[in-house]
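This report goes through a two-chain model, chain by chain, and then turns to the contact between the chains.

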Amino acid sequence: MAVYNLKINGQTKQVDVDPATPMLWVLREHLDMPGTKYGCGVAMCGACTVHVNGVAVRSCQLPVVAVGNKEITTIEGLSENGDHPVQKAWLEHDVAQCGYCQTGQIMTAAALLKANPHPTEAQIDTAMSGNICRCGTYVRIREAIQTAAKQQ
Amino acid sequence: MENNTTNHSRRSFLKSSLLAGGGLMIHFSGLAKFNFDGKTTGVNGSEEWSEVTGYIKITPDNLIKILNPNPEFGQNVMTSLPMIIAEELDVDWQKIMVEMGPHNNLKLGPQFTGGSNSVRMYWKPLREAGAAARNMLMQAAAQTWGVPIEEITTKAGTLYHEKSGKSGTYGSFASKASAIAIPKGVKLKDIKSFNTVRNSKKNVEGVKIVTGKPLFGMDYKQDGMLVAMIEHPHAFGMKLKSFDATDTLKMPGIKDVFSIKMFEDNYEQAGFDTRTFNDLLVVVGNTTWQVMNARKKLKVTWEPISEHKETIAGFRGKNEVTIPAGLESSTTQLAKMAQMAKQPAKQLRKDGDPETAFKNAAHILERTYTAPFLAHNCMEPMNFFAHVTDDKALLVGPHQAPGWIEPTVSKILNLPADKIDIQMARMGGGFGLRAYGHYVIEAALISKKVKAPIKLVYSREDDMTYGIYRPMYTATYRAALDANKNLIAFHVKGGGIPENAVHPNRFPAGTVDNYLAEGWEIPSNITIGAFRAPGSNFNAASEQSFLDELAEFMGKDPIDFRLELLKRGKENPVGKNNEYDADRYAGVLKLVKEKSGWNAAENKKYSRGVAAYFCHNSYAAHVVDMVKKDGQPYVERVFSALDCGVVINPDAAINMVQGAVVDGIGNALYGGLTHKDGAAEQNNFNRYRMIRMKEAPKKIEVHFVENDIDPTGLGEPPFPPVFGAVANALHKNMGKRFYNQPFSKDFTAKG
């Protein structure tokens, strides 16, 4: 066990955990931030996506010891009032079915638009293909990202 | 105080909002802080709720809360079912709140999600509940104002008496109304006058979903809660022999390691008590990550099972099922199926004289199709919270049928049903798997054993390798034609492990004079179950692909050929018990033909495949437009036509159909769970290929046949025909027919 001071959503959070603990579980089980989801544990589904210094990262493969001073953003901190352009576009297109994967989808999409505010359809497809939606809402996810890109 | 009025303290308010979204709001301090547009947000206003029927609660200051009775797994019943109540209650949709109801079958009906039944089975009861509540409020106003009830009108949550100029909100009469007996037979609205139902409404939990609020069973927690995981055998046909947990117990955070039995010997299972492994090796600790790690240190000896019998008392009566011993492999299973297909089988339906017709045929077309086991792969792995004490049990989590699992929990815990509180969390997918109760029972038994609140968590690997798969299927279709290539006989012989998929009374039964349907099965120790219309999705793949090939052989357009058969099925049907309505079946084909521009010149550039199917009381047809992308076949566009009667929430219904199309393309092209020596060869998404964004169509255009027929299912019906339409488009795109799912196995190997 070791103590870590983590920069999460603009705040410093202290945890005392095994250094190998993935950020996914640090967030979910030690910091009460369950918006980051467990889907596969092997970085193949994207449900656990967070931002590390603004870049989309699968938190199930990110041990807490590797975080250091980097800024972590989770779905809980993506916007103050749930009004990030991507979140608003998700609501406008009423994307979700079961909803379990959607926070990971939104985090990947938000990172994409930050790096590339006007992505082509092919760029959207490439960026989003690491996130599985079992309900098959991909068509709406793609449309929502295009809407968010326009509104930025 | 009125009979049905309860005075809610803050504590009991928290308790009731605990039911919303899986009992999770209790984790927030200051509920008002989360006051988004979302309808399921708790409102900390008035504390007095009057119950006006079991589904509706109203405060004196006119807050109106509607309880959704049915488990939510992504079909959006949290929105559509309350819409039905709101319509008849006559309230402003923008001003009501929605909350997940408690498990209470007496008050809230069957509470079962599955079989595309949610809207179908609740349509009438919810309309009646809304109308009854409105009537109770009108009675209360009539009594108070001393006027005849016939003179009272309502509009958007307010009661009016025009003659006297009196008016009052529902809230001001709710307390009085709650004491009135719930009337029966209240006149329902004319469907033509609907103003909520048939108008698209946003998902009431949308805001919570996009902001990552705790909604799911996986998110549920309580103080002092431990996490439990089960080490299942790594192969079907194996069971626990012995274990050494010395090293596991030394791992940080680990509290206990033990084995327990799920069911005692000779336990008579209910229909959905299915379990794959009975001897459970359980690791309990503080956190999921700690338990996941500690499991790796277990030293376990497994041993083969011997052949045994299970007694299952399901909906179709009591059944004794033989579970064979042995370690099964997919290659030998396929060979066994091919061999069984040649043996005589059970006759399921026969019209005319198919044997003679085949003997005299000028041409016979015969094709055989296969499909593998499919894993459900819900994004949220199986999990359940349980806190079992000597005198009661609290169970919280994702389940499609709390009313089915409660009697089982009652039996195994030896607690009366009224001491068991099952709370329904939003499910991160279900697809049929969560109708089964194994993980609920496991959680309850573990909590009882460790005498603590626990959350049972399946890892993705546990989830994917546990079984209850969509069965492995095969079918051989034969068509007999005369010298002029007229269809004179049709024969389907289907088999599966461990059940076949043949629906003997569905199309094309009833349209061909000489018809034969047969079925057979091979028993297995690999467990199977419901999976988004498990048999139908195979039938629609094989039969609709066969009809396409048959039409080609006959030189006919595939849609026209089906319409010809349906015309016969309507005007002069063959045999009895034909399950489908030939007119509605033809209706979706005609609609998809029109909307897709089936014969338009500009669409010739696409490899087009069509298919239609009827299941779960609804009709669906798709035209799939395929192109080549990066050298691989890619479904670029899909046109869908559905007939499911009245559509409650059109945009959400479109979403559901689009999802079914994507799901169908994915499973047809990539889905498959194979075994070697009893062990699943895919245990996570690195080996089990799921459809991803780059493989999803650019456009899925959905059309509904407009009619006023009482609504039927929509979760399953659009899914099966996608398989057939994809197969038929692949034929055009690749220049050959595909008979074995997943289809990509054949083109990626060669591509």
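Chain A is assigned domain 1 (2-77) and domain 2 (85-151), the bounds coming from an automatic or database domain assignment. The centres of domain 1 of chain A and domain 2 of chain A, taken over C-alpha atoms, are 21 Å apart. Their contact involves 15 residues of domain 1 of chain A and 12 residues of domain 2 of chain A; two residues are in contact if their C-beta atoms, placed from the backbone, lie within 7 Å. On the domain 1 side, β3 (49-52) and β4 (55-58) of chain A each give at least two residues, and β3(A) has the largest share, three residues.

The model is predicted: local features need pLDDT of at least 70 and side-chain atom pairs pLDDT 80 or more, while totals for chains, interfaces and linings use all residues. Residues are numbered from 1 along each chain as its sequence is written, and chains are lettered from A and ligands numbered from 1 in the order in which they are written.

Chain B is assigned domain 1 (5-210), domain 2 (217-309 + 382-457) and domain 3 (341-374 + 469-750).

The largest nonpolar core has 265 residues. Such a core is a set of buried Ala, Val, Leu, Ile, Met, Phe, Trp, Tyr and Cys residues joined through C-beta atoms within 7 Å, where buried means 20 or more other C-beta atoms within 10 Å, exposed 12 or fewer, and partly exposed in between. Among the members that touch the most others are B:Leu137, B:Leu395 and B:Val726. Helix α4 (residues 118-145) of chain B supplies the largest share of this core, 12 residues; helices (H or I, at least four residues) and strands (E, at least two) are DSSP runs, numbered from the N terminus. Leaving out residues up to four places away in sequence, B:Leu395 touches residues including B:Phe384, B:Val409, B:Ile420 and B:Ala443.

B:Asp560 lies in helix α15 (residues 558-571) of chain B. B:Asp560 is partly exposed because 13 other C-beta atoms lie within 10 Å. Its C-alpha atom is 9.3 Å from that of B:Lys590, 30 residues apart along the chain.

The contact between the chains takes 49 residues from chain B and 46 residues from chain A. On the chain B side, α17(B) gives the largest share, seven residues.

| Side | Touches | Residues by class |
|---|---|---|
| chain B | chain A | 22 nonpolar, 17 polar, 10 charged residues |
| domain 1 of chain A | domain 2 of chain A | seven nonpolar, seven polar, one charged residues |

Technical notes:
Nonpolar A, V, L, I, M, F, W, Y, C, P; charged D, E, K, R; others polar.
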